[in-house]
Amino acid sequence: MARTTGDAAKRRRFIARIKFWRRSRVGSDVTLGILKYKVVSKPSKRFQFAKIKSFLRRIRRSEDYKYSGSFQEAIKPVLIIAQIFALMPVRGVSSKFAEDLAFAWSSARTYYALITIVCFGVVSGYLVVFVTNVTFNFDSVETLIFYLSIFLISLAFLQLARKWPAVAQEWQLVEAKLPPLKSVKERRALSLHIKWITIVATTCSLVEHMMSMLSMGYYVNFCPKIPGHPIDSFLYLNFSSVFYFVDYTLFIGLLGKVINILSTFAWNFNDIFVMAVSVALAARFRQLNDYMQREARLPTSVDHWMQCRVNFRNLCKLCEVVDDAISTITMLCFTNNLYFICGKILKSMQTKPSVSHTLYFWFSLIYLLGRTLILSLYSSSINDESKRPLLIFRLVPREYWCDELKRFSEEVHLDNVALTGLKFFRLTRGVVISVAGTIVTYELILLQFNGEEKVPACYEG
């Protein structure tokens, strides 16, 4: 016992001497460096390079935690922007987890959405009376169709908000069972894709609205409704159909402009939302397809193809759930775009009163055509990806072909997975040709009844 105690004491003294020697050595080195050189030596290039590598590793590690690759994470910015403009009043949209989403009638978001819907309804009512009792022409009907469609779109998004938490949770469950996304690039691809769609579409919408305001400035300058008050004249012309029944005040004029901005965003957001959902669904089918393609040439078992088939069925069911929730919005998307494309092409033959009118018209038409084409291609990509397994199955060696793979192939061949417009049509690649044919048909009919060859020099409302 004594020997053990003595040995422990010696060991402690020995460790204390070592620590003291190290401290004194460090101190002497620093002191000598200061006294001899009067400067602190610069770190070597190798040391700087090591620090840079360490910093980059920390960035990569933070990127790993930043992106999970989930749909809720990707759609989050879209829903946040939507709520600024009184659409999709769902709580918890800033969270990455679907469990945090909830809808409540007693919520500031819901009250804001309901007030906006009432405003759209009131404006639509005034326009119905104006068209039926005052002026019935193509321009007045077009304005009526615009605000009626916005009223229906806002109602459709309110109805979707009630279903969205359940849809998002179902989506999250299906995602959790899919083969994992391994690299950071794969996990952030969907989020970046949806962000770019939102940024480009919103920017084009903003430019279009600004050009519309500039073209309205022509009427403010040359035929003002309230001479000497350009702002009041602009606000009056912006809502002239309503002011036919209601006396103009600055408050109602500003309220009318706010309603106009909200309606313009809702009209564009309708397409953005369907694009984002379509891109996300196609990405999940692609995720499974890429995994199956990597494994197709390798030795595979029945259990492997059974699990892939279960994941494929889950994705098909998810597509049905999403379609049931957003089919009304999809229908409004395509009918709206079809109507306004026909109307704008019909007006392309009219002489415009100013350069600003010409620039606004052609930018608006090109943007609308491009947006409709991209929407159709994104929506049809779901069907394209759902049929891709048929090509992958051809890569499987004969010795690994099995009955489970045969059943899987038959299911893929027979299933017609796609979003729909209230079940009236399915969004496949053929819909692009159908839309183009419909536009040409209606244009030929409308041209026979077109009597206006010039846009009015002064605003008539």
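A cavity, on a 1 Å grid over the protein atoms alone, is a set of points where a 1.4 Å probe fits but cannot get out. Grid points are joined across faces, edges and corners, and a volume is the space filled by probe spheres set on the points. With that in hand, let us look inside this predicted model, in which local features need pLDDT of at least 70, side-chain atom pairs count only at pLDDT 80 or more, and totals for chains, interfaces and linings use all residues. Residues are numbered from 1 along each chain as its sequence is written, and side-chain values use heavy atoms, with hydrogens and water left out.

The count comes to 1 cavity of 30 Å³ or more, and the largest cavity holds about 30 Å³ of space. Its lining residues (those with an atom within 4 Å of a point) are Phe 71, Gln 72, Ala 98, Ala 168, Trp 171, Gln 172 and Glu 175. Helices here are DSSP runs of H or I with at least four residues, numbered from the N terminus. Helix H3 (71–84) and helix H5 (138–177) each supply at least two residues of this lining, and H5 gives the most, with 4 residues. By class, the lining has 4 nonpolar, 2 polar and 1 charged residues.

Now turn to the aromatic rings. Rings of Phe, Tyr and Trp (its six-membered ring) pair if their centres lie within 6.5 Å, and planes over 60 degrees apart count as edge-to-face. The count comes to 30 aromatic pairs. Take Tyr 147 and Phe 239: their ring centres are 6.1 Å apart and their planes stand at 90°, so this pair is edge-to-face. Tyr 147 sits in helix H5, while Phe 239 is in the loop between helix H7 (230–238) and helix H8 (240–243), 92 residues apart. Both Tyr 147 and Phe 239 are buried, meaning under 20% relative accessible area with a 1.4 Å probe and protein chains only.

Trp 267 and Phe 340 also form an edge-to-face pair, because their ring centres are 5.4 Å apart and their planes are at 75°. Trp 267 belongs to helix H9 (residues 250–296) and Phe 340 to helix H10 (residues 302–347), so the pair ties together parts 73 residues apart in sequence. Trp 267 counts as buried at 8% relative accessibility, and Phe 340 is buried at 5%.

Key:
On a 1 Å grid over the protein atoms alone, a cavity is a set of points where a 1.4 Å probe fits but cannot get out, and a pocket is an open set with protein on both sides within 12 Å along at least five of seven lines; lining residues have an atom within 4 Å of a point. Ala, Val, Leu, Ile, Met, Phe, Trp, Tyr, Cys and Pro count as nonpolar, Asp, Glu, Lys and Arg as charged, and the others, Gly among them, as polar. Buried means under 20% relative accessible area, exposed over 50%, partly exposed in between (1.4 Å probe, protein chains only).
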